[in-house]
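Thanks for coming, everyone. Let me put the structure up, and then we can walk through it together.

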Amino acid sequence: MSTKTKPRITGTRYVLAVQNLEKSVDFYINQMGFRSDWFGEGWHFLSRDKCMIMLGECPDERPAFALNDHAYFAYIEVQNIRDLYAEFSAKSIEILSTLEDKAWGQREFALRTIDGHRIMLGETINS
């Protein structure tokens, strides 16, 4: 008898096009606290805890700033969102919305990266 494992999603990686790879990598490392995992051939992979972002240099493509609301690419679940909000607020990161409790049971805020990509960060509110 064959035992088949049910397919599962085991993680996520975000692939983002950036116009200036060096400038973007500097932002993710020095402003957002990511570490460099690998780079080469126009790519740079970075991670912070369980979040991996793969940056690819595309200097001739339309920047994420031009996508307006379509520039949102991730909702990242975090622990201790108050401290993360304070950490990012103290740096050169554009905060788009203040830390706020939402009706759907999340405490969240939004930010925009140096390239115009938007990220929502949230934490489940304990009842």
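Let's begin with a sheet. This open sheet has four strands, in the order β5-β8-β7-β6, and the pairing is mixed. At the edges sit β5 and β6, which covers 94-101, and each of them pairs on one side only. On average, neighbouring strands here are turned by 15° against each other, direction ignored. Keep in mind that this is a predicted model.

Now look at one pair of strands. β5 and β8 run in the parallel sense, over five bridges. Take Ile-76: its bridge partner in β8 is Leu-121. On this sheet packs α2, which touches β6, β7 and β8. The direction of α2 makes about 155° with that of β6.

Next, the core. In general, nonpolar side chains in soluble globular proteins tend to be buried together. The largest nonpolar core in this model has 25 residues. Among those with the most contacts inside it are Tyr-28, Met-32, Ile-76 and Leu-121. So which elements give two or more residues to this core? They are β1, α1, β4, β5, α2, β7 and β8.

Stay with Met-32 for a moment. What does Met-32 contact, leaving aside its neighbours within four places in sequence? The list is Phe-27, Arg-48, Glu-87, Phe-88, Ile-93, Leu-111 and Ile-119.

On to the aromatics. The count comes to seven aromatic pairs. One of them is Trp-43 with Phe-45, edge-to-face, at 6.3 Å centre to centre and 80° between the planes. Trp-43 is partly exposed, with a relative accessible area of 35%. Phe-45 counts as buried, at 18%. Another edge-to-face pair is Tyr-85 with Phe-109: 4.9 Å centre to centre, 75° between the planes. Tyr-85 lies in helix α2 and Phe-109 in strand β7, so this pair ties together parts that are 24 residues apart in sequence. Both Tyr-85 and Phe-109 are buried. There is also an aromatic cluster, formed by Phe-27, Tyr-28 and Phe-34.

Asp-49 is not a glycine, yet it has a positive phi of about 55°. Where does Asp-49 lie? In the loop between β3 and β4. Asp-49 is exposed, with a relative accessible area of 69%. Then there is Asn-80, also not a glycine, with a positive phi near 60°. Asn-80 is found in the loop between β5 and α2. At 43% relative accessibility, Asn-80 counts as partly exposed.

That's my tour. Over to you.

How values were computed:
Residues numbered from 1 in each chain as written. Predicted model: local features only at pLDDT ≥ 70, side-chain atom pairs only at ≥ 80, totals over all residues. Heavy atoms only, no water. Core = buried A, V, L, I, M, F, W, Y, C linked by side-chain atoms within 4.5 Å. Buried < 20%, exposed > 50% of the residue type's maximum accessible area, 1.4 Å probe, protein only. Contact = heavy atoms within 4.5 Å. Pairing = 2+ DSSP bridges. Axes fitted to C-alpha atoms, helices over the stretch in contact; angles between N-to-C directions. Phe/Tyr/Trp six-rings, centres within 6.5 Å; stacked < 30°, edge-to-face > 60°.
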